Every structure is written in C-alpha cells, then in structure tokens.
Amino acid sequence: MTNQEVSSLNRKGASKWGTLTGRSARVAVALLPLLVFMGIFFFAPLTAVIWDSFQSNDGLFTLQNYADVFKEPIATAMRTSLGLALASAVVSAIPGAVLAFLIESRGSDRLRQLISSVAGVLANTGGVPLAFMFVAALGAAGSATGLFKLLGLDIYTAGFSLYTFWGLVLVYSYFQIPLMVIVFSPAIHGLRREWNEAAKTLGATGSQFWRHIGVPLLFPSFTSAFLLLFASAFSAYATARAMTNGTIALLPLMIGNLLDGNVIFDEVNLAKALAVAMVVVTLLAMVPYLIIQRRAERWQR
Amino acid sequence: MTSTTLSLRGVSRRFKDTVALDALDLDVSQGELVALLGPSGCGKTTALRIIAGLDNPDAGEVLVGGKSVTHLAPNKRNMGMVFQSYSLFPNLTAAENVAFGLTMRGEAKTVRIGRAQELLEMVGLPKHAKRFPHQLSGGQQQRVALARALAFEPDVLLLDEPLSALDAQVRANLRDEIRALQLKTGTTTIFVTHDQEEAMAMSDRVAVMNAGKIAQIARPDELYHNPASEFVAGFVGQMNKIPATLEADRVRVLDSHVDYRQSWTEQPGAMVALVRPEAIEIQNTAADQSNATVVARAFLGPMSKVSLVLRDGTEVSAVLTSAQSAEFASGSLVRVSVKPDQYLVVAA
Amino acid sequence: MKIFTRRQLPLTIGLFLATLFVLFPLVSATEFSLRQPATSNYGFANYIWFFTAEDFGKYLGISLGLAVVSAIILLVILVPTVIWLNLGGARFRGLVEFVSLLPLVIPVVALAIGAQTALPDFAQTDEIILGFMFAVLAMPYAYRTLDTGLRAIPLQTIVEAARGLGANWLHTIFRVVIPVVRSTVASALFMTLALSLGEYTLTSLLHWDTFTTWVTTMSQSNILGAIALSMFSLIAVFGLLLIISIFIRPTKSNVVAEEN
C-alpha cells in the first residue's frame with residue numbers, strides 16, 4: 001500500500017480486516033481495559049454497597065438501615081459533617097479566591113508556575129502529618145500557643161481549642177485553601193485582557209467592568225469551586241481521625257467505627273447505608289461542580 | 001457633532017531599552033481613514049493604544065478636535081476600538097455587547113435595544129441579536145465588535161489588526177464592509193495592520209512606520225509610485241532590485257540610461273535600481289541578443305507573474321497580462337528591459 | 001522595590017501571610033521533631049529512632065511497591081485509551097471522561113466498604129489489591145493530565161506520519177508518541193505515585209498496613225519520634241510532587257490544571 005492509501009484508510013477508521021466489523025472491534029478493544037478495570041474495582045464495590053444497604057441481617061429487602069440514618073447518634077454525625085463541610089468551604093473559599101485573584105492578576109509567570117506546584121503539594125497534605133503539624137503549632141503545648149503566652153494571651157483559657165469543630169475547620173484550611181487556588185485560578189486566568197480594555201474604551205469604570213462582566217463570568221467558577229471544597233471537607237477521613245479521635249461525631253469516622261466492629265443498631269449493613277448517604281451528598285455537590293466547570297471552560301479557551 | 005480631528009504631537013514611548021515611538025507627529029482630518037502600516041515592532045500598535053488611552057506616552061500629546069486628551073482615562077475618551085480577536089464579552093448576547101457603550105452612558109433601555117438592532121443590521125447580522133459570542137464565527141464576531149465600537153457614535157474609531165485572525169476569504173469581504181461602513185458614518189478612523197494590500201485598498205492615506213517613526217505618509221497611489229525611501233518602496237508592493245552601473249555621467253539599468261544624480265549615492269559606487277514588476281518589459285529574441293532566461297510562469301488570474309534570471313544571476317519578477325505572458329515559455333532566452341523613468345536608483 | 005508598588009502590595013502582603021500560614025506549622029513540627037527527649041538540646045535522635053526501627057524499611061518498601069503497581073496499572077490502561085480517544089475515538093469521549101472522573105465523586109470511605117464487600121476472597125487476602133484500588137483513586141487526576149497533554153500535541157499528524165512510513169502500532173505508541181508527551185506521562189506517573197504513597201483512608205479501613213498506617217501506629221508509642229517520622233514522610237512526598245514541576249514545561253498560555 002502507498003502511504004496515501006494507508007493514511008486514508010486510517011482516516012476512515014478501516015483496518016486491514018475490513019471496514020465495519022473492524023471498526024466495532026477496535027472500539028471494543030480500545031475501551032475494554034478501562035471499562036473492565038473500573039467495572040471490577042469501582043462499579044462492583046459501589047453496586048455492592050448500594051445493594052447491601054437495602055439488606056437486613058437476614059438477607060431480606062429492607063429500608064431499616066436508612067431509617068436508622070435519621071436516628072441518633074447518626075443524625076448528629078450527619079449534621080456535624082454537613083456543618084463542617086459548609087464551614088470549611090466558606091472559610092477557605094474566600095481567602096483562596098482572593099489569593100488566586102492576586103496571583104493571577106499581578107504575579108509573574110514564574111510565580112504562577114511556582115504557586116501551582118506548591119499548591120498542588122499542599123492540597124495533598126492530610127492525616128497524621130498534618131495533625132502533628134498543627135498540634136505542634138497550636139496545640140496546648142504548641143509553639144504558637146507559647147508565643148501568644150509570651151505576648152500575654154492564653155488562647156486556651158480564652159476558649160480556643162484545636163480539638164474542636166472550629167479547630168478542625170482551621171486544620172482543613174491548610175489543604176482547602178491551596179485546593180481553592182488551584183481550582184479557581186484558571187477562571188481568573190481566563191479573563192482576557194481584551195475584555196477589560198474593551199470595556200474601558202466603551203466607557204466602563206473599573207467597578208462597572210466587574211459588575212457587568214467580571215463577576216458574572218467568575219461567579220459560576222467560584223460556586224463550583226465552593227462545591228468542590230464542600231465535597232472535599234465532607235469526605236475527609238484521615239485528617240478528621242488524626243485530629244479528633246472520637247471527640248467529634250463525624251460521618252466518615254462513624255463508618256470507620258462500624259467497620260471496626262462497633263455495632264450501634266444491630267444492623268450489619270448500617271455502615272453501607274451511611275456510605276450511600278455520603279455518596280448522595282457528595283454527588284449533589286460534585287455533579288453541579290463538573291457541569292459548571294465544563295460550561296465555564298468554553299469561554300476560558 | 002464635535003469636530004473629530006485627531007492629532008499626535010511628538011509622542012514618544014520607550015519600553016525598557018527599546019524605543020517604541022520616537023517623537024511621532026500625525027494629523028488626521030475629520031472623517032479620514034488613515035492606516036498605520038509597518039512590520040512587527042514598528043510601534044503602530046503602541047501608537048494606537050496611546051491614542052485609546054490604554055497606554056501613556058512618555059512625552060507628547062494626543063489631541064482630539066484640538067483638545068488634549070493625553071491625560072484622560074480611556075473610559076472618558078469617547079473612542080470606539082476593535083481588537084484583533086476575542087474581545088466580545090462572552091456572557092452577553094450580541095445585542096447586549098453592541099449596546100454596552102450605551103449602557104455605560106446610561107441610555108434608556110428602548111434606546112439601547114433600538115440602536116443595537118440598527119447597528120446589527122448595518123453590519124449584516126440582523127437576526128443574530130440573541131446569539132452569544134461562542135455561537136458566532138470569527139467574521140461574525142468581528143462584525144459585532146465593529147457594531148459595538150460604533151454604537152455610541154464615537155469621535156474616533158480605532159482598529160487594531162481586526163482582520164488578521166480571519167480566513168482569507170472572510171478577510172477580503174470584511175475589509176470592504178468596514179470601509180463602506182466607515183464612509184457611511186464618516187468616523188475618523190485609524191487602522192493598524194501589517195498587511196500592505198489591506199492598507200492600500202482601504203485607506204485615504206497610509207502611514208508607513210518603521211522603528212517608531214513614520215517613514216512616509218501619503219495616499220496609496222502616491223506611496224506606490226513615489227516611495228520616499230528604499231524601505232517604503234520595499235514594504236509597499238513588490239520590488240525588483242536590478243544592478244545599475246555607472247557609465248561616465250550616466251547610470252545604466254539594463255537597456256535604459258538616466259543621468260546620474262548626486263543625491264542617490266554618496267559616491268558613484270555600486271548602485272541598484274528598484275523596479276516594479278509591471279515596469280519590466282520582455283521580448284523574445286535570438287540567443288545572442290538575450291540577457292535573461294525565463295524560469296517560471298505563475299498564473300494569477302487576469303495577470304501572470306513571470307520569473308526570470310539575468311546573466312549575472314539576479315532574479316527578476318515581471319507582471320504582465322496573462323495573454324502577454326503566454327508568449328514566453330519556461331527556459332527560453334529573452335531580452336529584458338525597464339520602462340523609462342519607472343525606477344528608483346539607490347546605493348547597493 | 002517592585003514588590004512594594006501600590007499595585008503589587010496586595011499580592012506581596014497576601015503571599016507573605018500565606019507563606020507564614022504554610023510554614024508555621026511545618027517549622028513548629030520540625031522543631032518538635034528535633035528536640036532530644038528529656039533534655040533541652042536539639043539533635044537527630046528522633047530521626048535515627050525511626051530510621052533504625054525494625055519495620056521502617058519493610059513498610060516503606062510495601063508502600064513503594066504498591067505505588068509502583070498502581071502507576072503501572074494506570075499507565076497501561078490509560079495511555080492507549082487516551083491516545084485512541086484523541087485519534088479516532090472522539091465519539092466516546094463523554095463516556096471515558098465520565099468513567100474516569102467518577103472516583104472523584106465518590107467518597108473514599110464508601111469505596112472502602114464496597115471493596116470489602118464486593119471483591120472476591122482471593123483479593124481480600126493479598127495486599128496487592130491496594131495497588132488496584134490506588135489506581136482507581138488516582139484515575140481522575142491521571143486521566144486529566146494525560147488527556148490535556150495529548151490534546152496539546154498534533155497527535156493525528158504524527159501517528160499518520162509514523163504509520164505511513166511503515167511503523168506498526170506498538171512501535172508508533174512507544175517510539176513515536178510517548179517520547180513526545182514524555183513530560184505529561186512523567187507527570188501522571190508521579191502524581192499516581194504521590195497519591196499512593198500518601199494514601200491512608202482506604203488502607204486503614206481495609207485493615208492493611210502500609211507506610212502511612214505504620215506511621216500512625218508508631219505515633220502512639222513515641223510521640224517525638226512519630227512527629228519526626230511524619231515530617232519525614234511529608235517532606236518525602238513534598239519532594240516527589242515538586243519533581244513534577246520540573247517535568248512540566250512552563251508556558252505562558254498554560255492554564256493551571258485544576259487538580260494537581
């Protein structure tokens with residue numbers, strides 16, 4: 001075959017083994033590895049969890065597990081988890097957005113590249129190392145606590161504690177703020193200089209530009225980033241476990257306890273119902289996130 | 001309506017170590033379209049941005065209608081600007097984009113809607129009012145951008161290479177439309193481009209720029225036939241460079257002679273004649289009379305380009321009607337001459 | 001100075017505060033880790049302690065092994081798939097993206113339970129199952145990275161050129177395409193490694209032991225030593241992730257990836 005013939009055959013999706021069947025076969029072969037792998041290691045577990053959550057101890061269909069989700073102590077854990085996710089998202093989204101804005105609008109290319117790498121690293125910190133870092137800094141015997149004492153302020157007697165709800169929000173911000181910077185920066189980067197200049201030549205002041213163009217364009221991205229932070233804080237396990245050790249009732253920790261064999265309501269499949277409840281919440285946050293991201297990317301090119 | 005002349009007086013701008021603009025002077029009459037033409041880095045875009053107020057000169061003044069606007073913020077200058085691409089606001093429809101200038105000026109909604117529709121019709125997009133920029137083609141977007149820039153009847157219209165990002169066919173059409181619209185509204189316009197064909201076709205006058213200065217500003221035909229320097233001659237249209245020799249008091253270019261003028265070169269050393277392709281004449285002759293060989297013929301529609309090589313290796317392009325050029329076959333030996341008085345002699 | 005101009009000042013202040021916030025816990029913990037127990041000197045005793053701890057090498061090896069397994073699995077599955085996607089499979093892009101991004105949406109905790117229930121028994125008894133699960137966790141990030149990287153090159157052109165010159169598919173992928181997107185593949189590789197090395201949730205819920213869970217266990221016995229260990233693992237992962245930035249060529253028009 002000449003080069004041209006091979007090239008045109010490839011373009012038509014044909015192969016040496018014929019056109020139509022060859023193409024379907026190639027599609028199947030190409031997608032098979034991914035679909036089989038995810039099928040076994042993702043969809044099967046997920047399906048099992050959903051299925052089992054509707055099973056009673058005797059193997060019969062039941063909604064009891066879900067009914068128990070709304071009883072104490074699970075209801076409290078659910079409320080606390082939701083509250084934590086919301087608080088963390090709010091506390092971290094705003095500084096993150098401000099930082100992202102300053103870096104993108106005023107930073108050099110090298111700075112942006114550096115921040116991107118550093119933020120990526122920081123967004124990945126969690127668990128025991130992170131807990132230790134904060135205990136070392138703001139724990140009862142921490143360095144910062146000590147510094148404050150030198151200045152005459154005992155933050156612990158004043159009511160602060162690292163081991164509370166708000167302490168956890170603070171610790172979470174260590175990886176949430178970098179996450180916000182990573183996710184929100186592209187939106188700001190996508191604000192073209194031409195729009196600002198065009199607006200100016202058309203008579204707009206700075207605030208008019210932001211009101212009519214800037215904020216409307218950034219708002220969806222901000223919202224979707226907020227949702228991501230929410231989902232991230234809601235699902236976090238390692239850090240919560242390291243920091244609280246049972247003192248704060250959180251859904252992921254409760255599931256962990258159930259898996260360790262601490263039975264609450266005598267239902268074997270309660271943990272699975274809890275897991276499904278978590279999945280639902282996360283889906284409610286992440287699906288809008290992905291949709292808004294996809295739409296916003298259109299004008300960010 | 002306020003008188004909308006535009007002037008630049010001694011405008012200078014430098015960036016770090018480079019001089020972008022060097023004491024630039026420019027006067028544009030009301031309703032005139034002047035093109036700023038030049039290679040990249042010549043300062044044309046810098047000049048435009050300074051006129052718009054998006055950049056500030058280090059020295060000099062910008063005057064609109066005789067009044068200095070040099071220190072006026074861009075949003076107060078009442079100038080419409082069209083950028084090279086992607087300048088439409090993505091979250092607004094075409095109509096909202098067009099009406100933006102009026103929105104900023106606090107015009108009533110009915111006025112804005114009416115005017116936006118009027119302008120969209122003027123640029124040939126009457127049914128696209130509710131479309132968003134990402135739903136429009138490149139050419140359509142630039143039309144909307146033009147409508148947006150004209151909606152509020154600006155004193156001056158500024159165009160920064162508006163056609164450079166478009167396909168050739170779209171570019172050609174839009175070029176004529178822009179000129180027609182500009183003539184209809186009578187807006188004083190500055191058009192920045194690096195495409196000399198565009199500049200020559202559209203403008204009342206063309207300012208050829210180089211290294212921050214205006215090398216020559218004149219009507220297109222004058223620029224073409226009487227270029228003031230070798231740079232201008234080479235930049236505008238095609239130019240052949242044929243060696244010229246000094247014989248006693250006269251300079252010989254191929255078959256023609258002309259009196260030597262001191263102003264051409266410092267000493268009568270090596271000289272070169274700048275000749276337009278249409279000023280080259282070709283004749284079929286016998287081998288011993290010939291001074292050139294035909295290399296190739298390129299069919300360009302009504303005209304054709306004939307590429308030749310002289311005995312000394314100089315490459316020459318001639319442009320003839322296609323009928324005429326048919327006489328000269330590739331590889332044949334011919335005699336080439338220059339139409340009298342249609343060349344410029346400069347130092348080599 | 002340029003960083004103190006009226007325009008730059010907010011950025012300078014913001015970065016200063018951010019750096020303070022980031023470094024303070026890090027420095028505090030490092031300071032703790034360098035404290036010699038029962039004295040007021042500083043030294044590396046805590047670091048030596050865990051370095052010479054009996055299981056240090058063992059668990060580090062397990063984690064590294066699992067990380068490598070997950071990276072290999074992901075690359076073997078994703079690279080051909082993403083190449084195909086960008087060549088002729090564009091119609092299936094929606095499906096592939098959906099499947100690849102799903103692990104992002106589901107909490108790890110839920111996945112852990114599911115893995116315990118659904119996977120066949122042989123999978124439950126061999127730690128290598130974690131390698132597969134880590135691959136699932138890393139899939140969204142790896143997919144995004146590979147897809148972005150492969151979209152940025154003229155893939156169709158070079159593949160057609162190679163095939164037209166007579167190369168078979170294997171040759172084309174390994175000797176033509178991959179060298180061109182080397183930095184992208186390396187980036188996806190390191191991202192997977194980093195994620196696997198730092199993973200704790202799935203490991204602990206499934207009752208396996210890797211480096212991360214070992215660190216947690218050790219923290220109950222010798223607190224200063226455990227802090228030193230944590231700092232070590234943190235900085236090691238930091239270092240690995242920072243290597244990624246060496247591989248990514250900085251371009252002006254580059255839009256920052258939304259996941260690392």
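**Note on a predicted three-chain model**

1. Start in chain B. Strand β3 (residues 33-37) and strand β9 (residues 205-210) of chain B run parallel, joined by 4 bridges. Leu37(B) sits opposite Val208(B) of β9(B). Keep in mind throughout that this is a predicted model.

2. Now follow β9(B) to its other partner. Strand β10 (residues 213-218) of chain B pairs with β9(B) over 5 bridges, and here the sense is antiparallel. The hairpin of β9(B) and β10(B) has 2 residues between the strands. Look at Ala211(B) in that hairpin, where phi is positive, near 50 degrees.

3. Next, the open sheet of chain B. It has 4 strands, in the order β2-β1-β4-β5, with antiparallel pairing. Which strands lie at the edges? They are β2 (18-28) and β5 (67-68) of chain B, and each pairs on one side only. Strand β1 (residues 6-15) of chain B is joined to β2(B) by 7 bridges, and the two run antiparallel. To find one such pair, take Arg14(B): its bridge partner in β2(B) is Val19(B).

4. Just after α4(B) comes Gly124(B), with a positive phi of about 80 degrees.

5. Which residues of α4(B) are buried? They include Arg112(B), Arg115(B), Ala116(B), Leu119(B) and Leu120(B). These residues cover an arc of only 135 degrees around the axis, so they lie on the same side of α4(B). Note that two arginines, Arg112(B) and Arg115(B), are in this buried set. What do the buried residues of α4(B) pack against? Their neighbours are α2 (94-98), α3 and α5 (138-150) of chain B.

6. Turn to chain A. Its secondary structure is 13 helices and 0 strands. Of its 301 residues, 48% count as buried. Contacts in chain A also reach along the sequence. Among those between residues at least 6 apart, 77% join residues at least 24 apart.

7. How do the chains meet? There are 2 pairs of chains in contact, and chains A and C share the most contacts. That contact involves 70 residues of chain A and 69 residues of chain C. On the chain A side, helix α2 (residues 20-53) gives the largest share, 16 residues. By class, this side of chain A has 46 nonpolar, 20 polar and 4 charged residues.

8. The other contact is between chains B and A. Chain B gives 18 residues and chain A gives 17. On the side of chain B, β6 (79-82) and α3 (100-104) each supply at least two residues. The classes here are 11 nonpolar, 6 polar and 1 charged. Note that α3(B) also featured in point 5, as one of the elements packed against α4(B).

9. Finally, the pair that stays apart. Chain B and chain C do not touch, and their nearest C-alpha atoms are 15 Å apart.

How values were computed
Residues are numbered from 1 along each chain as its sequence is written. Chains are lettered from A and ligands numbered from 1 in the order in which they are written. This is a predicted model: local features need pLDDT of at least 70, side-chain atom pairs count only at pLDDT 80 or more; totals for chains, interfaces and linings use all residues. Two residues are in contact if their C-beta atoms, placed from the backbone, lie within 7 Å. Ala, Val, Leu, Ile, Met, Phe, Trp, Tyr, Cys and Pro count as nonpolar, Asp, Glu, Lys and Arg as charged, and the others, Gly among them, as polar. A residue is buried if 20 or more other C-beta atoms lie within 10 Å of its own, exposed if 12 or fewer, and partly exposed in between; C-beta atoms are placed from the backbone. The arc is that of the directions from the helix axis to the C-beta atoms. Two strands pair if DSSP finds at least two bridges between them.
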